[in-house]
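Open the model in your viewer and keep the selection panel at hand.

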Amino acid sequence: MHFKDLTPYTYMARYSEYGAKNIGWLKAGEDFPKNPPDDDLLDALWETIKHPAIRTRGMHRCDQCNKKIREERYKNQTLLLGSNEIRIFHKEGDIFAAPNMIFHYVYIHHYNPPLKFREAVLYCAQNLDWYKSKSNDHIQLCEENPLNLVRIPDSVKRSWLRRGVSPLKTPPTKAEEPQ
Ligand SMILES: [Zn+2]
């Protein structure tokens, strides 16, 4: 699966709302920015991928290696890669959606994600409790309030009830709606 950095996240439709941007969905043969990572970035990424936001369909493989990568080892720990996504939050409001394979891309292939993502991942790792609850809240918001469904305001539902119209039945036509 390949998406350019900072394009709107659309891979898992129900989680595509609320403005998450793609980061680190690399593809074989497509150029990407490179820079040897510093330890702070690697440590921060490693901590954040321990707290995945959602499980993806199937396995996301590394397109840069010739072999299947299913796990990565870092500082005497091993984590499975390829079937989870993380959400990273910038304190200014940006939300980034990345496969957890991003750790491998940065660690092994020296992928250099955009500055704002690097700032955000450092901040999330330094504020792990904040990051975990932010991630949970974001996923809950996406699951409970999908923007792609028509939202009917409570005031409209109340006026239907007053007029004996069940909100569960076909909504009134435009002309019948209260002003
Ligand atoms: Zn690889």
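Start with H1 and H3, where H1 crosses H3 in a left-handed sense (the near helix is turned anticlockwise from the far one by less than a right angle). Helices here are DSSP runs of H or I with at least four residues, strands are E runs of at least two, and both are numbered from the N terminus. Select residues 39-49 for H1 and 115-126 for H3: their axes are 8 Å apart, at an angle of about 60° (axes are lines fitted to C-alpha atoms, for helices over the stretch in contact, with angles from 0 to 180 degrees between N-to-C directions).

This is a predicted model, in which local features need pLDDT of at least 70 and side-chain atom pairs pLDDT 80 or more, while totals for chains, interfaces and linings use all residues. Residues are numbered from 1 along each chain as its sequence is written.

E1 runs parallel to E6 (residues 95-99), joined by three bridges. Asn 22 has Ala 97 of E6 as its bridge partner.

Finally, select E3 (residues 71-74) and E4 (residues 77-80), an antiparallel pair with four bridges. Glu 72 is bridged to Leu 79 in E4. The two strands E3 and E4 form a hairpin with two residues between them, and Lys 75 in the turn has a positive phi of about 50°.

Key: Pairing = 2+ DSSP bridges.
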